[in-house]
Amino acid sequence: MTDFALHDVDSAPEGAKPLLEGSKKNMGMIPSLHAVMAEAPGLLEGYQTLHGLFTNTSFNANEQTVVWQTINVENQCHYCVPAHTGIANMMKVPEEITEALRNETPLPDAKLEALRNFTLAVVRKRGNVTKDDLQAFYDAGYGQQQVLEVILGVAQKTMSNYVNHIAETPIDEPFKKFEWKKNS
């Protein structure tokens, strides 16, 4: 465990206090990720803003989960995979989708699999996707808007995955039952 502070509303820098209050109001708790990010109020605000923007994309709950979890699993985020498993359950995403994402097995829907493959291409190729990557995504029924929305999701998850790697963010109690390690 690293020595990054887990802030609450009292210990957080002034700029982070209202953000943490909002987290507590919206989620009933201050997630450990937010508690760590509070040390840099701009980071926490940026993360929360990107989260809000991503949840308002053209993607439905299943598709949002595919983007988030694909990135989390690819980046081997010990915190985000369990957290987004719990979030997926709250969003009523079918368990077969969640488990396929966690276990890196084929998704039960070809369009969702195309979304996962495109998201992986964006992450692995650092945005340098090929015309073939784009065409496969378009052939699955997605368009340029969704290409750009995947990038928004990657930006959001890069922030959280990297913070969690560096800070070794502890998993919140409600998500511990969904702990995860990447298959070898």
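Student: In which loop is Gly143 found?
Tutor: Gly143 sits in the loop that joins α8 to α9. Helices here are DSSP runs of H or I with at least four residues, strands are runs of E with at least two, and both are numbered from the N terminus. This is a predicted model, in which local features need pLDDT of at least 70 and side-chain atom pairs count only at pLDDT 80 or more, while totals for chains, interfaces and linings use all residues. Residues are numbered from 1 along each chain as its sequence is written, and side-chain values use heavy atoms, with hydrogens and water left out.

Student: What does Gly143 touch, not counting residues up to four places away in sequence?
Tutor: Gly143 touches Phe137 and Tyr138, where contact means heavy atoms within 4.5 Å. His7 is 136 residues from Gly143 along the chain, and the C-alpha atoms of the two are separated by 41 Å.

Student: How many helices and how many strands does the protein have?
Tutor: The protein has nine helices and zero strands. Its pattern along the sequence is α-α-α-α-α-α-α-α-α.

Student: How do you know what radius of gyration a compact globule with 184 residues would have?
Tutor: The rule is 2.2 Å times the number of residues to the power 0.38, and the radius itself is taken over C-alpha atoms. For 184 residues this gives a value near 16 Å; the protein has 16 Å, so the two agree. Along the principal axes, the C-alpha atoms fill a box of roughly 50 × 30 × 30 Å.

Student: Why is Thr70 called buried?
Tutor: Buried means under 20% relative accessible area, exposed means over 50%, and partly exposed is in between, with a 1.4 Å probe and protein chains only. Thr70 has 5%, and therefore it is buried. Thr70 belongs to helix α4. Leaving aside neighbours within four places in sequence, the contacts of Thr70 are Thr65, Leu101, Arg116, Thr119 and Leu120. Over the whole protein, buried residues make up 45% of the 184 residues.

Student: What makes a set of residues a nonpolar core?
Tutor: The residues must be buried Ala, Val, Leu, Ile, Met, Phe, Trp, Tyr or Cys, joined through side-chain atoms within 4.5 Å. The largest such core has 22 residues, and Leu115 and Val150 have the most contacts inside it. At least two residues of this core come from each of α4 (61-74), α6 (95-103), α7 (110-124) and α9 (144-167). The largest share, five residues, comes from α7. Another core, of 19 residues, lies apart from this one and includes Ala12, Ala16, Tyr47 and Cys77. In soluble globular proteins, nonpolar side chains tend to be buried together.

Student: With which residues is Val150 in contact, leaving aside its neighbours within four places in sequence?
Tutor: Val150 is in contact with Phe59, Val67, Leu115, Phe118, Thr119, Val122 and Phe137.

Student: Why does Gln76 count as partly exposed?
Tutor: Gln76 has 45% relative accessibility, which places it in the partly exposed class. It lies in the loop between α4 and α5 (80-90). Most residues other than glycine have a negative phi.

Student: How do you know that Arg126 is exposed?
Tutor: The relative accessible area of Arg126 is 73%, so Arg126 is exposed. Arg126 is not a glycine either, yet its phi is positive at about 50°. Its place is the loop between α7 and α8 (131-139).

Student: Why does His51 count as partly exposed?
Tutor: His51 has 29% relative accessibility, so partly exposed is its class. His51 is part of helix α3 (residues 41-55). Setting aside neighbours within four places in sequence, His51 is in contact with Trp68 and Gln156.

Student: Which percentage of contacts between residues at least 6 apart in sequence joins residues at least 24 apart?
Tutor: In the protein, 67% of those contacts do.
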